[in-house]
Amino acid sequence: MIDTCDQIFVLLQHWLVSFLPASWQTGAGVLLSVAAIICVFPALFAVAVWLERKGLGRIQNRLGPNRVGPFGLFQPIADGIKSLTKEDIVPSSADAVVHFLAPLLLVVTVFMGFAVLPMGRNMVLVDLDAGLLFYFAMGASTELAVFMAGWSSRNKYSLLGAMRAVAQMISYEVPLLMSSVAVVMIAGSLSLTKIVEAQNHYTWGFPHWYIFTPWGFAGFLMYAIATTAETNRSPFDLPEGESELVAGYHTEYSGFKFALFFLAEYVEMFSISGLGTTLFLGGWSAPFSFLTWVPSWFWFFSKLMLSIYVFIWMRGTLPRLRQDQLMNFAWKFVLPMCLINLLAAGLWRFMGEGWLRWVVCSAILMITYAGMGLAEMRRQRLGPRSYRYAE
Amino acid sequence: MSFVFYLLAAITVAGGLAAMLLKNTVHCALALTVAFAGLALLFLNLDAQFAGFAQILIYIGAVAILVVFAILLTRSSETPRDGIFSRTWLAGLAVAAAVFAVLGWAVLHSIQVLPHETAVPEVTVQQIGVALVGRYVLPLEIVAMLLTAALIGAVIVAMHEKVGHEKEEPK
């Protein structure tokens, strides 16, 4: 019974496919999985948008959407219908072909990432040997789509937004990759299913997730910072800074194309949270050994929604960074920390079992963190505030 | 030589041709990206996962963006109506022809030098990694040093003005 619950989607797929002739079964199975991914994540997108608007409302002491359905629950449906029926305006000076292709390329590359994410036991579309590499290759392609959107609009706000977005995504992609490399070093594989398997062990009822090691904890924090910047979420939402750039690279998009950008932003959040879950939070494995009877897919999606909750919480709490702060933070703090973290992970790998590696790795990371923090603070030369333009 | 190969080859060649023939420089860069993507897919078609994904990650994710940034930061993306012709086009043509001839000769010659493999070799990413930090560790380190030096050099070139400016500022 427990096994059936755990494998219910896999069994369902096998049952549906078994009606077809044998030669069609593989293709139909893949098609079914793809269809499931394409249905589930936009549905989650609707839920997440509602959660975000309600959550932000709560943080800012207002009600949030409350007109459509109970607690405004049908608001996403109303928004969907609205964006489908709106006129699609293409600026007359825009580069029509590139303008049309940009949202499509963005959505396609964002969805491709889910192909290698294990969403439960045996629930992965393609178990690639180089799964992590595939994921990052797809993630890197979104930058081009963002650039295409900003450039083809022929609008200075769009272009500035796109330039900011691309510069930010390139800068934070380095720490993103570096923090993930530590996991690859320990797990010894680029395959995401193998990384989950490596974490799916328990000692005294507690799991062996990588976040519960010194290098894993530091790596997870770096990864979380980098993903927030990579998805252009607050406090790194400069590319869409409303007060400066209207809406950044999708200023000139309307109707369903705008909805596609909106969808891509959230789906990228899901996929990158899913990857973080897989790398550091044990993927689909249960948080305690006595909870292993709960289906694996439940744990994956719970951890995913928890990450989304943290994203929303941060958006409601933190102010937006300045461009130079953003770049300094990436290159002068996050990147050196990631490099030190690689050293710590290497030591962890070769020092063998025992308490010594805990002490050494923690000491290295904490000394680096404190030292860099102090040095940066000293360089800031904090003094009384001065105004350059407004007296 | 399957249908898929011809399809991917057509995409790659079309992308390369478009990169040369289009008027707008940014369009050329985007067309070049199509050629990169076609090459990556060709690698994947040959079961070379690592090479294929690295091609996408580096060429589409970084090099294409770099090209596009360079175009936007240096001049407007519109080319003048009469086009831009380098005065050294003859030398350029000669170099291009020479490179093409060497590559063509190497590819055609490789059939005789390398024995024809009957089975497709199983190469995992792990094997590539072990080879990179084992047998080929020296070239890898040299390339790493070279790239780091280039990076630092670029930063110094970009920083030069700012250092002088800071000294002038009264404290």
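Me: Which residues of helix α4 (residues 75-85) of chain A are buried?

Reply: A word on ground rules: this is a predicted model, in which local features need pLDDT of at least 70, side-chain atom pairs count only at pLDDT 80 or more, and totals for chains, interfaces and linings use all residues; side-chain values use heavy atoms, with hydrogens and water left out. Residues are numbered from 1 along each chain as its sequence is written, while chains are lettered from A and ligands numbered from 1 in the order in which they are written. Buried means under 20% relative accessible area, exposed over 50% and partly exposed in between, with a 1.4 Å probe and protein chains only. By that test, the buried residues of α4(A) are Q75(A), P76(A) and S83(A).

Me: Within what arc do the buried residues of α4(A) fall?

Reply: The arc is taken from the directions that run from the helix axis to the C-beta atoms. The buried residues line one face of α4(A), because down its axis they fall within an arc of 95°.

Me: Which residues on the other side of α4(A) are exposed?

Reply: The buried face is covered by elements including α3 (25-59) and α11 (255-280) of chain A. Turn to the other side, and the exposed residues there are I77(A), I81(A), L84(A) and T85(A).

Me: What do the buried residues of α8(A) pack against?

Reply: Helix α8 (residues 192-199) of chain A has L192(A), T193(A), I195(A), V196(A) and Q199(A) as its buried residues. They span an arc of 160° down the axis, so they line one face of the helix. Counting contact as heavy atoms within 4.5 Å, they pack against α6, α7 and α11 of chain A.

Me: Which residues does S191(A) touch, not counting residues up to four places away in sequence?

Reply: S191(A) sits in the loop between α7 and α8 of chain A. With a relative accessible area of 2%, it is buried. Setting aside residues up to four places away in sequence, S191(A) touches D127(A), L128(A), D129(A) and G131(A).

Me: What is the phi of R154(A)?

Reply: Most residues other than glycine have a negative phi. R154(A), in the loop between α6 (131-152) and α7 (156-187) of chain A, is a non-glycine residue with a positive value. Its relative accessibility is 37%, so R154(A) counts as partly exposed. Its phi is near 55°.

Me: Is N232(A) buried or exposed?

Reply: N232(A) also has a positive phi, of about 55°, although it is not a glycine, and it lies in the loop between α9 (214-230) and α10 (242-245) of chain A. Beyond four places in sequence, it touches A165(A), Q168(A), M169(A), D237(A), P239(A), E240(A) and Y249(A). At a relative accessible area of 4%, N232(A) is buried.

Me: At roughly what angle do the axes of α9(A) and α14(A) cross?

Reply: Axes here are lines fitted to C-alpha atoms, for helices over the stretch in contact, with angles from 0 to 180 degrees between N-to-C directions. Angles under 35 degrees count as roughly parallel, and α9(A) and α14(A) are therefore roughly parallel to each other. The axes of α9(A) and helix α14 (residues 356-380) of chain A come within 8 Å and cross at roughly 30°.

Me: Which residues in α14(A) meet α9(A)?

Reply: The α9(A) side brings P214(A), W215(A) and A218(A). Its partners in α14(A) are W358(A), C361(A), S362(A) and L365(A).

Me: How many helices are there in chain B?

Reply: Helices are DSSP runs of H or I with at least four residues, and strands are E runs of at least two, numbered from the N terminus. Of the 171 residues of chain B, 18% count as buried. Its pattern along the sequence is α-α-α-α-α-α. Chain B has 0 strands, and its helices number 6.

Me: With which residues is L132(B) in contact, leaving aside its neighbours within four places in sequence?

Reply: L132(B) belongs to helix α5 (residues 125-133) of chain B. Its relative accessibility is 31%, so it counts as partly exposed. Leaving aside neighbours within four places in sequence, L132(B) is in contact with V137(B) and L140(B).

Note on methods:
Parallel < 35°, antiparallel > 145°, perpendicular 65-115°, else oblique.
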